Amino acid sequence: MNTLKKALNESAAMRWGVLLLVGFVLSVNYYFYDAFSTLKDLLRAEFDFTNKDYGLFVSFYSVPNTFLLMAVIGGVILDKLGIRRTGFMFVFFMAIGAVLTAYGASDYYGAGGIGYSFMSSFMPNYSPELKMMLLGRFFFGLGAETSIVVISKILVKWFKGKNLALAFGLKVGFGRLGTFAALNISPAVADKGANLTGAIWLAAILVCTGLLAFIVYMLLDAKLDKQLEKDSNETVTSKPFSFRDITGLLGNRAYLYIALLCVTFYSAVFPFLAYAPDFFADKFSLTSVESGKLTSLLPLGTMFFTPLFGWLIDRKGKSATAMIFGASTLLAVHLVFALTYFPPQAPIILLGIAFSLVPAAMWPSMVKLVDDSQIGTAYGLMYSIQNLGLWGFPIIAGSILDATNPGNPEVSDYTATILMFAAVSLLGLIFALLLKFEDKKKGFGVELPLNKK
Ligand SMILES: N[C@@H](Cc1c[nH]cn1)C(=O)NCC(=O)O
């Protein structure tokens, strides 16, 4: 390295600039992911979407990552091809998927545009609009999950040893900002259905601007590699991929516990959130606007809490303890929701704390468990495992809801459904405890401050 010239990642301004760029890519990802939850009724009115159609559309995001293991394959590709090529490819998939989804909902397509007759030629129970939108959601999910893996590796590259947990916390904050914006902007643009396709196109265009932001990042990444006098091969592993990379990770008990905590924790949060507005409305007799506002307090709170906890973890450590605390808080909140009529505002704030503590501690802890050369594979495998839960639990929750509310009444009893989420949280707590014991036994240093690695 040229010792007279500071490398780009030594400059704090450059590091935070990079975080802003990739944070924007993440925000538009989350915006598109969540833009449809407030459009559910309008999709039913405009395209005859049933609840099952809507559920299928939501869970199709996870299909490539779960059943084709795309997130783990993406992670392996990332470790082999490097950040620039892999990132471009998967952010591009994300943009293609978003555009295909919007195209499926467009007037041009609905009037018999390109692909309409082909999509009408099979599976007549599903509309051509739904099929095109499913195809779009599939590509979006395929690109979106691996692009999060790429962004995680980018943060490790620029921030390792320099406020890494704060950077991860802010990364999650950027994601939540996208969710918060989607929950508020998407219904406003849709204007009670008058401009439904406009709301979907806006989401797709935002994803395309994310691709432009990533291209700008690629220029900085190339410059950093040049300054470090590393050709791109040096930031990637040269040894060929072997299944032992995967079995090796799964054989590392600490990694396994963190991956199992990831799937159980997020399965008790994201699928719960998909039902939360309806649950609050039914249990506390709220209007849909009131329950929507109550739910959107969650991404708003986590936007600030997650970076704050990340900052604390950089300095004080205690990541495993933070995960235990977050998982127990989640369990307590679900029990309160299921078994009491306690006003929901206080538990939702606690849920915000749990939903900030675990992500702030869990994602950066990976650098303590695996080597940098395997970080893409490690995150990718974790996302594939997580997506199994994100795919399955909305369906399980819906089935429990149907079984405990025969006749599909207007107001549903959610007790059994939320108790199921409490049971999943309990599993998360057990895995968090196991992680702490394993760390103590093997001395990975998960409890140590990240700035001291
Ligand atoms: N794998 C993602 C799933 C997601 C949710 N919204 C958009 N993508 C995930 O769980 N990320 C971690 C997080 O804390 O948001």
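Where does Met123 lie? Met123 is found in the loop between helix H8 (116-120) and H9. The residue is not a glycine, yet its phi is positive, about 40°. Met123 counts as exposed because it has 11 C-beta neighbours inside 10 Å, and the limit for an exposed residue is 12 or fewer.

**Model and overall fold**

The structure is a predicted model. Its scores are ipTM 0.96 and pTM 0.86. The average pLDDT of the protein is 90, and 95% of the residues score at least 70. Where pLDDT is low, the predicted coordinates should not be read in detail.

The protein has 19 helices and 0 strands. Its radius of gyration is 22 Å, close to the 22 Å that the globule rule gives for 453 residues, so the protein is as compact as a globular protein of that length. Taken along the principal axes, the C-alpha atoms fill a box of roughly 70 × 50 × 40 Å. Of the 453 residues, 52% are buried. Among the contacts between residues at least 6 apart in sequence, 85% join residues at least 24 apart.

**The shell around the ligand**

Around the ligand stand Tyr30, Tyr33, Glu145, Ile148, Val172, Gly175, Tyr266, Phe270, Pro359, Tyr383 and Gln386. Two or more residues of this shell come from each of helix H1 (12-34), helix H9 (128-159), helix H10 (164-190) and helix H18 (375-404). Sorted by class, the shell holds 8 nonpolar, 2 polar and 1 charged residues.

**Helix H5 and its surroundings**

Helix H5 covers residues 70-81, which makes 12 residues. From its first C-alpha to its last, H5 reaches 15 Å, close to the 16 Å expected at 1.5 Å a residue. The helix is mostly covered, with 9 of its 12 residues buried. These buried residues are Met70, Ala71, Val72, Gly74, Gly75, Val76, Ile77, Leu78 and Asp79. Their cover includes helix H4 (63-67), helix H6 (83-104), H9 and H18.

Leu69 sits in the loop between H4 and H5. Although Leu69 is not a glycine, its phi is positive, about 50°. Leu69 has 19 other C-beta atoms within 10 Å and is therefore partly exposed, since a buried residue needs 20 or more. After H5 comes Gly82, which has a positive phi near 95°.

**Helix H3**

Helix H3 spans residues 51-59, and its buried residues include Asp53, Val58 and Ser59. The buried residues of H3 pack against H9, helix H14 (270-284) and H18. H9 and H18 are also part of the cover over the buried residues of H5.

Lys153 belongs to helix H9. Is Lys153 buried or exposed? Lys153 is buried because 23 other C-beta atoms lie within 10 Å. Leaving aside neighbours within four places in sequence, Lys153 is in contact with Leu78, Ile83, Ile375 and Gly376.

Val99 has its place in helix H6. It is partly exposed, with 18 other C-beta atoms within 10 Å. Ala332 is in helix H16 (residues 319-339). Ala332 counts as partly exposed because it has 16 C-beta neighbours inside 10 Å.

| Pair | Apart in sequence | Apart in space, C-alpha to C-alpha |
|---|---|---|
| Lys153 and Leu78 | 75 residues | 8.7 Å |
| Ala332 and Thr417 | 85 residues | 15 Å |
| Val99 and Glu410 | 311 residues | 35 Å |

The pair Lys153 and Leu78, at 8.7 Å between C-alpha atoms, is also listed as a contact.

How values were computed. Residues are numbered from 1 along each chain as its sequence is written. This is a predicted model: local features need pLDDT of at least 70, side-chain atom pairs count only at pLDDT 80 or more; totals for chains, interfaces and linings use all residues. A residue is near a molecule or strand if its C-beta atom, placed from the backbone, lies within 6 Å of it. Helices (H or I, at least four residues) and strands (E, at least two) are DSSP runs, numbered from the N terminus. Ala, Val, Leu, Ile, Met, Phe, Trp, Tyr, Cys and Pro count as nonpolar, Asp, Glu, Lys and Arg as charged, and the others, Gly among them, as polar. The radius of gyration is taken over C-alpha atoms; the globule rule is 2.2 Å times the number of residues to the power 0.38. Two residues are in contact if their C-beta atoms, placed from the backbone, lie within 7 Å. pLDDT is the predictor's confidence in each residue, from 0 to 100. The expected span of a helix is 1.5 Å times one less than its number of residues.
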